[in-house]
Amino acid sequence: MSADTLIIEQVNRVFQTPAGKVTALKGIDLRVRKGEFITLIGPSGCGKSTLLKIVAGLDTSYEGSVLLNDKPISGPSIEKGFIFQEPRLFPWLTVEKNIAGNLSLKHKDVRKKVEEYIALVRLEGFEKAYPRELSGGMAQRVAIARALLRNPDVLLLDEPFGALDAFTRSHMQEVLLDIWQNNRTTMLFVTHDLDEAVFLGERVVIMNPRPGHIRSIQPIDLPFPRKRTSSSFQELRTKVLREFEKVEEPEFDTGAGI
Amino acid sequence: MLQDRISKGAVIVPAKPAQPLKQQLDRKWLLKLTNVLIGWLVPILIVLTWQIAGVLGLLNPILLPTPLEIWNEFVLLVSTGELISHLGVSSWRALLGFLLGGSLGLAAGIWVGFSYKAERLVDPSLQMLRTLPHLAIAPLFILWFGFGETSKILLIAKGSFFPLYVNTFLGIRSVDNKLFDVARVLQFSRWDLIRRLIIPASLPNIFLGIRLSIGVAWLGLVVAELMGASSGIGYLINDARSFSWTTVVFVGIIVFALVGKFSDSIVKWFENRLLRWQDSYKGADKR
């Protein structure tokens, strides 16, 4: 058994479109340690969401190998928790029933766990509320609790805070870090927000489009909790931004060429 | 109330300055009463105008008897027990026909909704049958099954089948694909998928189908009873027509209207209870 929870080796993904073949991912190699917090950042079209879907097992038409705990991924399962950009709660279920999902709240263990995770995402008092009564941030916390309750080996987050306002977003980032420090769940977090990537990730994976590939991986050796205003944070942010600008350049070049 | 709590950062802040509880309750009750009374406003106005016009001799009493005369006829028919027994027969027919047609419609809708192959196989034929009018089918049913209860119940069932079939099918097919992804990630079994995602998500459509089916069941009942029967409200109307007892015809029509509304209200009550989670537009002036 290797020390890495998730091993992605030479993954390619080609989409068939009416206009011909489009290579969304080319030669992706990534190893994620158990309990690590990885953020994936890149411009739109760089294949970061596609990569996440492959790891989730929602997309199985890829080449190469993806191993989770040394086993190839064959389809979606509860070992790979997935947080979508929208909360995607069941509107006919209350908060506690949404978290329980297909598990029955009549079981004492389930009820206890649901209560535990409601406390973890700080939603006490809203157990019986319907999704329509929740704000965007609260709904997303319900989605996080729903995924965590199943004790996933890795939590995959696809721009989960993209639709939230700046204040709620920074609050949610702190909530997520809290959860990560308590549970040590391996996190793979896709974002297009530079600050978010540097604030959360132990390593930031910078991706490049056309075809989507990994440009570089930037370790962020800052202790948690991080301060956005600190000079070391700003330094690393600039460093990633420079990589990011390199990523953007070819896009501008080809754009100018047309 | 919850909304307030959320926007004010989990601190409970009453929306209005506190009022004595009793006054608040009175107000709520008054509001509810007003909402109910508004629904009665139009019919009451019509009946009043009608009665006044009749008393002034503006209406032909054979063609359009006054509301008061119709009421007296109603009281008479109730006191002799005639109306109740006819209503009982009609309701029983409508219920049996609706249960038969509706449950088959629901089952067919679920089956076809789930399977693309089933849709290709049976939906075109069912759509063809759907547009056949009751009056075109009724003679055939009478030839096959005679004038007895079977032909009547089958005619009603034929009518109630389609609204439930079409709406159940539509409901299943309009389940949000994004929630299917969630179900896959949470490893729902096939049974979980049906019970926890597809049925609840298509429930609004199923309820719409039930309400439409009940309406069509009453419609089919009238057709069936007018075609030939010796009991039931439809028979009462038809019989009265041949003797020009217009008041009885009116009583029959009004009873149909009331029973139709009553059955619809029952379904609506269930609908409101089961679909409380829905977040939809309720009209700009709802309070």
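A salt bridge here is a side-chain nitrogen of Lys or Arg within 4 Å of a carboxyl oxygen of Asp or Glu. By that rule A:Arg88 pairs with B:Asp181, the closest N and O atoms being 3.8 Å apart. The model is predicted.

**Chain A against chain B**

- The size of an interface is often given as the accessible area lost when the parts come together.
- For chain A and chain B that area is about 2,400 Å², with 67% of it on carbon and sulfur atoms.
- Three residues of chain A stand out: A:Trp92, A:Asn102 and A:Arg132 supply 30% of the area that chain A buries against chain B, more than any other three residues.
- The contact draws on 27 residues from chain A and 22 residues from chain B.
- Two salt bridges cross the interface of chain A and chain B. One of them joins A:Arg88 to B:Asp181.
- Six residue pairs are in polar contact across the interface of chain A and chain B, with both residues at pLDDT 80 or more.
- On the side of chain A that touches chain B, strand E6 (80–83) and helix H4 (136–149) each supply at least two residues.
- That side of chain A comprises 14 nonpolar, six polar and seven charged residues.

**Two domains in chain A**

- Chain A splits into domain 1 (1–79 + 156–258) and domain 2 (85–151).
- The centres of domain 1 and domain 2 of chain A, taken over C-alpha atoms, are 26 Å apart.
- Domain 1 of chain A brings 17 residues to the contact, and domain 2 of chain A brings 12 residues.
- Together, domain 1 and domain 2 of chain A bury about 1,200 Å², 65% of it on carbon and sulfur atoms.
- Within domain 1 of chain A, the residues that lose the most area to domain 2 are A:Ile78, A:Met172 and A:Ile179.
- One salt bridge is counted between domain 1 and domain 2 of chain A.
- A:Arg122 and A:Asp178 form a salt bridge, with the closest N and O atoms 3.2 Å apart.
- Three residue pairs are in polar contact between domain 1 and domain 2 of chain A, both residues being at pLDDT 80 or more.
- Helix H5 (residues 166–183) of chain A gives nine residues to the side of domain 1 that touches domain 2, the largest share.
- That side of domain 1 of chain A divides into eight nonpolar, six polar and three charged residues.

**Record and chain-level features**

- An unreviewed UniProt entry annotates residues 6–236 of chain A as "domain: ABC transporter".
- Over residues 6–236, chain A is 32% helix and 29% strand. The end C-alpha atoms of that stretch are 25 Å apart.
- Over all chains, the structure holds 23 salt bridges.
- One salt bridge links the side chains of A:Arg203 and A:Glu36, at 2.6 Å from N to O.
- A:Arg203 sits in strand E9 (residues 203–208) of chain A, and A:Glu36 in the loop between strand E2 (20–33) and strand E3 (37–41), so the pair ties together parts that are 167 residues apart in sequence.

Terms used: Residues are numbered from 1 along each chain as its sequence is written. Chains are lettered from A and ligands numbered from 1 in the order in which they are written. This is a predicted model: local features need pLDDT of at least 70, side-chain atom pairs count only at pLDDT 80 or more; totals for chains, interfaces and linings use all residues. Side-chain values use heavy atoms; hydrogens and water are left out. Contact means heavy atoms within 4.5 Å. Buried area is the accessible area (1.4 Å probe) that two parts lose on being put together, summed over both. A polar contact is a pair of N or O atoms within 3.5 Å; within protein, one must be able to donate a hydrogen and the other to accept it, and residues adjacent in sequence count only if both atoms are side-chain atoms. Helices (H or I, at least four residues) and strands (E, at least two) are DSSP runs, numbered from the N terminus. Ala, Val, Leu, Ile, Met, Phe, Trp, Tyr, Cys and Pro count as nonpolar, Asp, Glu, Lys and Arg as charged, and the others, Gly among them, as polar. Domain bounds come from an automatic or database domain assignment. UniProt positions are given in the numbering used here, feature names are shortened, and annotations may be inferred rather than shown by experiment.
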